[in-house]
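Subject: Structure for you to look at

Hello,

I am handing over a structure that you have not seen before. Please open it first, then read the notes under it.

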Amino acid sequence: TAPAPPKAVEKNDYAQAENWLCRPGRQDACAVDLTTTVIAADGTLTREEWKADPEAPIDCFYVYPTVSLDPTPNSDMIAGLEERSVIQQQFARFGSVCRVYAPLYRQITLPALRAGLSGKPMAVDYALGYNDVLEAWNYYLKKDNKGRGVVFIGHSQGSMVLTQLIKNEIEGKPIQSQILSALILGSRVQIPIGKDVGGTFKQMPLCRKPGETGCIVTFASFRSTVPPPENSRFGKGQPGTEAACNNPAALDGGSGALNAYLSSRSRPGAESYSWVTPRKEIQTPFVRVPGLLSARCVSNSNGSYLEVTVQADPKDPRTDDIPGDVVIGGKIQADWGLHLIDVGLTMGNLIDVVRQQSRTYLGGKKK
């Protein structure tokens with residue numbers, strides 16, 4: 001999209017409570033219903049409750065993806081339903097393992113993204129959202145951190161903002177020793193071919209074993225039945241590099257079972273997806289489908305990506321598929337893969353990764 005002309009922009013004051021979607025100890029966007037229906041292969045439904053840990057020993061700092069529906073090129077600082085919804089889908093559940101921090105920021109909006117894709121770009125201020133997140137991060141460090149370990153979490157546009165923040169403000173600086181990991185999801189992190197460090201990040205490697213800290217988890221997900229096409233938006237390498245991929249379900253390589261937390265509805269406002277036959281209405285906002293999904297990192301001529309396999313059994317009453325594709329005009333957009341549900345597909349696995357990293361980090365501090 002076309003860059004906006006330079007202009008004086010007022011900085012956000014992150015001492016103001018309304019400039020945060022989530023902070024510890026508040027009734028805010030992270031204080032939401034995360035109750036889950038667990039759907040067994042035999043069609044049995046059980047209810048799984050959830051609660052945050054107010055005494056969590058580490059912090060999570062989250063930057064959300066492109067969700068704003070504001071008609072302007074950059075969003076305003078008023079939290080809409082879309083910002084609150086993505087917190088429920090992608091971040092609030094981490095409150096079981098960390099204190100949660102999620103700033104509002106003046107991101108590039110969905111209307112601006114769509115305008116760019118249609119060849120009619122808006123005048124976007126690319127620096128605005130990054131500078132907001134930088135202000136929020138600096139405020140957090142000054143007022144809240146107090147030497148605690150931190151996990152960065154981002155998706156899509158949020159991942160791109162966090163990538164820039166890590167490169168500019170974290171790597172090679174004292175604060176790097178407090179970073180347990182960065183979950184840079186639904187984005188393109190470049191690494192030298194066959195290496196785990198270098199490229200986008202000069203010092204932070206890919207996480208390759210449970211409990212490893214100071215490292216990166218990154219991937220873009222695609223169905224095994226709909227791999228990235230030549231025009232894929234994710235998974236592409238550059239000369240001498242490849243798109244990094246490590247599987248939260250098997251950091252050391254190979255395939256692993258996904259512990260997914262998926263929306264019970266195929267899209268906002270719709271009735272619940274048909275998860276079992278005969279159909280049963282799901283009353284909770286989320287579902288789990290143990291044993292249905294697995295994933296592994298795959299490389300081919302069109303990129304490196306997290307290949308997600310639905311291990312369907314047509315003989316059992318549970319669904320043989322999951323919703324989550326980008327669909328326009330009734331047609332699946334293969335170049336986007338499963339971008340919409342990158343985080344939900346791996347949510348339980350990512351929380352396990354963070355929990356193990358927290359134990360390692362705290363054990364090291366005690367020594």
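In these notes a residue is buried if its relative accessible area is under 20%, exposed if over 50%, and partly exposed in between (1.4 Å probe, protein chains only). Helices (H or I, at least four residues) and strands (E, at least two) are DSSP runs, numbered from the N terminus.

This is a predicted model, in which local features need pLDDT of at least 70 and side-chain atom pairs count only at pLDDT 80 or more, while totals for chains, interfaces and linings use all residues. Residues are numbered from 1 along each chain as its sequence is written, and side-chain values use heavy atoms, with hydrogens and water left out.

Helix H3

H3 runs over residues 126-145. From first C-alpha to last, its 20 residues reach 28 Å, close to the 28 Å expected at 1.5 Å a residue; the expected span is 1.5 Å times one less than the number of residues. Its buried residues include Leu-128, Tyr-130, Trp-137 and Tyr-140, as well as Asp-132 and Asp-144. Among the elements that cover them are strands E5 (59-63) and E8 (150-155) and helix H4 (157-170). After H3 comes Lys-146, with a positive phi near 55°.

Nonpolar cores

A nonpolar core is a set of buried Ala, Val, Leu, Ile, Met, Phe, Trp, Tyr and Cys residues joined through side-chain atoms within 4.5 Å. The largest one has 89 residues, and Phe-91 and Trp-137 are among those with the most contacts inside it. Helix H5 (residues 342-366) gives the most to this core, 8 residues. Apart from it lies another core of 7 residues, including Phe-222 and Val-298.

Thr-109

Thr-109 sits in the loop between strand E6 (99-103) and helix H2 (110-117). Is Thr-109 buried or exposed? Thr-109 is buried, at a relative accessible area of 0%. Its side chain reaches the backbone oxygen of Thr-72 at 2.7 Å. Beyond its neighbours within four places in sequence, Thr-109 is in contact (heavy atoms within 4.5 Å) with residues including Asp-70, Thr-72 and Asn-74.

Two strands pair if DSSP finds at least two bridges between them. An open sheet of 4 strands has the order E4-E3-E16-E15, with mixed pairing. Strands E4 (45-48) and E15 (262-263) are its edges, each pairing on one side only. E3 (residues 36-39) and E4 are antiparallel over 4 bridges, and Val-38 has Thr-46 in E4 as its bridge partner.

Regards

Key. A polar contact is a pair of N or O atoms within 3.5 Å; within protein, one must be able to donate a hydrogen and the other to accept it, and residues adjacent in sequence count only if both atoms are side-chain atoms.
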